[in-house]
Amino acid sequence: MPGSSPSSSSSSSSSSSSSAYPHATADAYDALAERYADLVKDGLARLPLDRCLVDAFADLVREAGPAAVADLGCGPGYLTAALTERGLDAFGVDLSPALVAIARRTHPRLRFELGSMGALEAGDGTLGGVVSWYSLIHTPPEQLPAYLAEFRRVLTPGGYALLGFFESEGAPVTPFDHKVTTAYRWPVDTLAALAREAGLAESARLLREPGEGERFRHGRLLLRAV
């Protein structure tokens with residue numbers, strides 16, 4: 001189409017911005033790693049609805065058979081630990097060296113890797129589950145399908161993915177001023193449709209209204225690899 005050629009200046013600028021985002025995001029989290037880790041240290045303790053969905057995810061993965069679970073964008077590792085406590089063979093992956101260091105220090109018996117959730121070292125069909133708990137929120141919208149495809153690649157058929165994100169409350173995909181770096185709110189139907197195109201069928205969804213001190217509605221999608 002006119003104006004959409006990769007050689008056009010606008011397309012080139014968009015591509016450059018998208019390719020730079022992982023490094024910029026890692027740098028932003030590195031700069032605030034200790035503060036961020038302190039902010040999320042309570043994990044799921046005060047979030048009973050979220051705990052229920054994490055419990056359901058863990059039950060489904062265990063029932064499907066023994067296989068490792070990747071907590072992608074694991075940050076300081078609280079959710080990796082929660083998954084392990086629920087009987088899963090969980091490990092964490094994050095782009096931020098500072099957050100990986102905190103995770104290793106806080107949970108020395110667990111495995112944490114420095115890496116990108118868009119280029120995982122896991123082989124095809126080797127994982128029983130993947131969790132992306134607010135780690136896709138910084139992804140430029142045009143890149144999101146490639147990340148979902150990577151999730152599907154590493155999942156065994158019948159494996160599960162659990163996504164946590166900020167929901168857009170009737171609006172289209174919307175950028176906002178996240179405390180660390182630019183993030184996006186997603187319509188739950190749009191995100192579910194993109195997941196379905198990647199081979200991840202919706203099993204359940206949850207929408208949680210903002211609690212005290214929160215600005216936005218929260219969305220969760222439980223997906224099954226087909």
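Predicted model: local features only at pLDDT ≥ 70, side-chain atom pairs only at ≥ 80, totals over all residues.
1. Burial of the two rings. Phe 166 has a relative accessible area of 14% and is buried, because the cut-off is under 20%. Phe 216 also counts as buried, at 14% relative accessibility.

2. The ring cluster. Phe 166 and Phe 216 are members of a cluster linked by ring pairs.

3. His 178 is located in the loop between strand 6 (174–176) and strand 7 (183–185). Leaving aside residues up to four places away in sequence, His 178 touches Phe 166, and also Tyr 29, Ile 137, His 138, Ala 183 and Arg 215. Is His 178 buried or exposed? Its relative accessible area is 19%, and because buried means under 20%, His 178 is buried.

4. A charge over a ring. Arg 111 places its charged end over the ring of Phe 91, at 4.1 Å from the ring centre.

5. The two sides of helix 7. Helix 7 spans residues 188–197, and its buried residues are Val 188, Leu 191, Ala 192, Leu 194 and Ala 195. These residues cover an arc of only 160° around the axis, so they are on the same side of helix 7. An α-helix has 3.6 residues a turn, so residues three or four places apart point the same way. On the face turned away from the buried side, helix 7 carries Asp 189, Arg 196 and Glu 197, which are exposed.

6. What helix 7 packs against. The partners of the buried residues of helix 7 are helix 6 (144–154), strand 5, strand 8 and strand 9. Just after helix 7 comes Gly 199, with a positive phi of about 95°.

7. Confidence. The protein chain has a mean pLDDT of 89, and 92% of its residues reach 70 or more. Over residues 1–17, however, pLDDT stays under 50. For that stretch the model has 6 contacts beyond four places in sequence.

Methods. Residues numbered from 1 in each chain as written. Heavy atoms only, no water. Helix = DSSP H or I, 4+ residues; strand = E, 2+ residues; numbered from the N terminus. Buried < 20%, exposed > 50% of the residue type's maximum accessible area, 1.4 Å probe, protein only. Contact = heavy atoms within 4.5 Å. Phe/Tyr/Trp six-rings, centres within 6.5 Å; stacked < 30°, edge-to-face > 60°. Lys NZ or Arg CZ within 6 Å of the ring centre and 35° of its normal. Arc of directions from axis to C-beta. pLDDT = per-residue confidence, 0-100.
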